[in-house]
Amino acid sequence: MRIDALKELGNISSAHAVTGLSELLRKRVDVAITSVDIIPLHVIYNLFNGPESMVSVVYIEGYSEDFRGMMFLIFPHPESVRLVELATGKLLEEDILKDEYSLSTLREIGNIMCGCYLNALSTFINRKVMHSVPQISHDMLGAVMDSVLIDLSVENDYAFVLETAFTLTDGRCKGFMFFVPTSDSLSVIFNEIGVD
Amino acid sequence: MKPKVLVVDDAIFMRKMIAEILVENGMDVVGEADNGSTAIERYKELKPDLVTMDIIMPEMNGIDAVRQIMALDSQARIVMCSALGQQALVQEAISAGARDYLIKPFNPSRVVEVVKKALDHVPTA
């Protein structure tokens, strides 16, 4: 029952996030998977080609007085380049890492998707949910996740994760979105959606 | 005379997108700022007819910047522009003095409609 309720919350919130991306790019974006689970965080590596795969990660912390969670938007490196090209309508001529405008574009895509997700979540938990300024990292997935999880003060390797995979309909771009609430925040969600 | 607009957003991508829409629709983007503190300084310096203001920005957020700009100039015309569109936040921004609220992502016609309405609502005397 709890998992079903959370899956529905994840479905609706991620639908808002991909709608935001779709409106920004003026392209159809589909949600491929939404899953809810308690998983060892290293399982995320399996979605890519292991911890050494190069990725771009946009991450923010969503929070209200008694609620806190981290959102990650992860794109394999070539996908982040394609996403920037789709958003700006221009082919990227230099390395994305050296181009401030491209980085800003990717950060803003994360800002809009996470903002839309949190707007929906805010309705479910009946709280105003703010978020931090989006941060962006380009590195091997393992290195990025290690540093982010230290920032998050995640003390163990397991976390409750709402996962969404999405693709552009023409298959030219795919990405993953993860929302990791703290355990106290999970209780807030359960109380507000009336599942004990 | 073209209305003078100050565009405030920490993302250069979004500043460029908003500026292009406004310029194409007969407005003069006289300046940009990437956080709330800089926005206040640019407001004092440029005295724009209208400000578009993001909320989540480093150093100072957009709602605090609206409060400070309104304290300097109670006639300031500010339109919020954020991906966060929660009702409580919209109300907070309007209470702080914002004239209207655009939720990202937006289409150009919505931006123009809201900006023009905000400009119309101020006495021209």
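Helices (H or I, at least four residues) and strands (E, at least two) are DSSP runs, numbered from the N terminus. The structure is a predicted model, in which local features need pLDDT of at least 70 and side-chain atom pairs count only at pLDDT 80 or more, while totals for chains, interfaces and linings use all residues. Residues are numbered from 1 along each chain as its sequence is written, and chains are lettered from A and ligands numbered from 1 in the order in which they are written.

**The two chains**

Chain A contains six helices and seven strands, and from the N terminus its elements follow the order α-β-α-β-β-α-α-β-β-α-β-β-α. Its radius of gyration, which is taken over C-alpha atoms, is 16 Å, close to the 16 Å that the globule rule (2.2 Å times the number of residues to the power 0.38) gives for 196 residues, so chain A is as compact as a globular protein of that length. Chain B has five helices and five strands, arranged along the sequence as β-α-β-α-β-α-β-α-β-α. For chain B the radius of gyration is 13 Å, close to the 14 Å that the globule rule gives for 125 residues, so this chain too is as compact as a globular protein of its length.

The table sets out further values for each chain. Burial is counted from C-beta atoms placed from the backbone: a residue is buried if 20 or more other C-beta atoms lie within 10 Å of its own, exposed if 12 or fewer, and partly exposed in between. Two residues are in contact if their C-beta atoms, likewise placed from the backbone, lie within 7 Å.

**A site in chain A**

A:Ser185 belongs to helix α6 (residues 183–192) of chain A and, with 19 C-beta neighbours inside 10 Å, counts as partly exposed. Once its neighbours within four places in sequence are left aside, A:Ser185 is in contact with A:Phe67, A:Arg68 and A:Gly69. The C-alpha atoms of A:Ser185 and A:Gly69 are separated by 7.4 Å, although these residues are 116 residues apart along the chain.

**The sheet of chain B**

Strands of a sheet pair through backbone hydrogen bonds, either parallel or antiparallel. In chain B, an open sheet of five strands has the order β2-β1-β3-β4-β5 with parallel pairing, where two strands pair if DSSP finds at least two bridges between them. Its edge strands, each pairing on one side only, are β2 (28–33) and β5 (100–103) of chain B, and neighbouring strands of the sheet are turned by 20° against each other on average, direction ignored.

Strand β1 (residues 4–8) of chain B is joined to strand β3 (residues 50–53) of chain B by four bridges, and the two run parallel. B:Leu6 stands opposite B:Val51 in β3(B), and B:Val8 stands opposite B:Met53 in β3(B). Three bridges join β3(B) to β4(B), again in parallel, and B:Met53 has B:Met80 as its bridge partner in β4(B). Both faces of β3(B) are covered, with B:Leu50 and B:Thr52 buried on one side and B:Val51 and B:Met53 buried on the other.

**The contact between the chains**

The contact takes 20 residues from chain A and 17 residues from chain B. On the side of chain A that touches chain B, α1 (2–25) and α4 (100–125) of chain A each supply at least two residues, and α4(A) gives the most, with 13 residues. By class, this side of chain A has seven nonpolar, eight polar and five charged residues, where Ala, Val, Leu, Ile, Met, Phe, Trp, Tyr, Cys and Pro count as nonpolar, Asp, Glu, Lys and Arg as charged, and the others, Gly among them, as polar.

The axes of α4(A) and helix α1 (residues 12–24) of chain B come within 7 Å and cross at roughly 90°, axes being lines fitted to C-alpha atoms, for helices over the stretch in contact, with angles running from 0 to 180 degrees between N-to-C directions. The two helices are therefore roughly perpendicular to each other, a class that covers 65 to 115 degrees, whereas angles under 35 degrees count as roughly parallel, over 145 as roughly antiparallel and the rest as oblique. Here A:Glu100, A:Tyr101, A:Ser104, A:Thr105 and A:Glu108 in α4(A) meet B:Ile12, B:Phe13 and B:Met14 in α1(B), and the residues of this helix contact divide into four nonpolar, two polar and two charged.
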